[in-house]
Amino acid sequence: MVLHWTRYGFRSLFILFVVSTIQSNWLRAELIPSIDNANFGWVRGAPNSTFSGWDVFNNETPALTTILDSTPELPGQFGFAATIRETSGSGIVLGSGNIYGLSSVTTFVVNQPGLNLGPSATTRIVAQFQTLGNELRYDSIRLSGTDFTNVLPSFTQELSRSSFGTPGQPGSGANVVYLAGWDVAQNVGDYSLAFESSASAMSLAKFNLDTFASVTVVPEPTTVALISLAAIGWGIHRTRKKMLSR
Ligand SMILES: [Ca+2]
């Protein structure tokens, strides 16, 4: 048993070293064009946005076989915090703060409270994952909301990939940063993101989740009328000025 844990201790040390020496490319989610090339004008921290991020996972329910972390700790978080759960019973939190699948596929669910702005708001949801060792099962990444379930991403992108160790030997694997995003034509009160590893021995090292809601503001008729009046007034002023200066 002592040997067993020493082995995992070693691996977590090794993984910590790998993480600190390989630069990852994470995207600011507002830089991704929408699928219809609309410009949402979103930035992290803007009204109607949320951002939760984990570099280090902890387990708030050590007495259970599942893992719960409701305290994302990256700086610059905004809006309602997300929670992450690992529900397979195979997951452990390593000393490095990674969630590792000991004996089987690991199964994750991330809950993100939404702003519930209704059907006139468009929502962009961007998840970014860093995994070490075995990889995600990429087609398992699905989004559910109040009235839709298991929707595949609108767009995906592999942001970086490198390998470490000797292939086939213990302590080897891939270091992958992967992005999956959705453009949803509404904004609901709760989002749920599900994903799984492709096999055991995947280490979830980091996870970021951005959501942005774009509310279409239609000017009220009185506002339009006032703007038109102001424009006409400005035109008259210009004409008078021109005539006076002659
Ligand atoms: Ca935490």
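1. Of the 246 residues in the chain, 32% are buried; a residue counts as buried if 20 or more other C-beta atoms lie within 10 Å of its own, as exposed if 12 or fewer do, and as partly exposed in between, with C-beta atoms placed from the backbone. This is a predicted model, in which local features need pLDDT of at least 70 and side-chain atom pairs count only at pLDDT 80 or more, while totals for chains, interfaces and linings use all residues. Residues are numbered from 1 along each chain as its sequence is written.

2. The average pLDDT (the predictor's confidence in each residue, from 0 to 100) is 82 for the chain, and 71% of the residues score at least 70. Over residues 1-23, pLDDT stays under 50. Where pLDDT is low, the predicted coordinates should not be read in detail.

3. The chain contains 12 strands and 2 helices, in the order α-β-β-β-β-β-β-β-β-β-β-β-β-α from the N terminus. Both kinds of element are DSSP runs numbered from the N terminus: helices are H or I with at least four residues, strands E with at least two.

4. Strand 7 (residues 121-133) is largely enclosed by the rest of the structure, because 13 of its 13 residues are buried. It runs antiparallel to strand 12 (residues 202-215), to which 13 bridges join it; two strands pair if DSSP finds at least two bridges between them. Within that pairing, Gly 133 has Met 202 as its bridge partner. Strand 7 also pairs with strand 10 (residues 173-184), again in the antiparallel sense, over 11 bridges, and there Ala 127 is bridged to Ala 180.

5. The largest nonpolar core has 33 residues, of which Ile 125, Ala 127 and Tyr 178 touch the most other members. Such a core is a set of buried Ala, Val, Leu, Ile, Met, Phe, Trp, Tyr and Cys residues joined through C-beta atoms within 7 Å. Strand 10 gives the most to this core, with 7 residues. Beyond its neighbours within four places in sequence, Tyr 178 is in contact (C-beta atoms, placed from the backbone, within 7 Å) with Phe 129, Leu 136, Glu 158 and Leu 159.

6. Ile 67 lies in strand 2 (residues 67-69) and is buried, as 24 other C-beta atoms lie within 10 Å. Its contacts beyond four places in sequence include Arg 85, Val 93 and Ile 99. The C-alpha atoms of Ile 67 and Thr 87 are separated by 6.6 Å, although these residues are 20 apart along the chain.

Conventions:
Contact = placed C-beta atoms within 7 Å.
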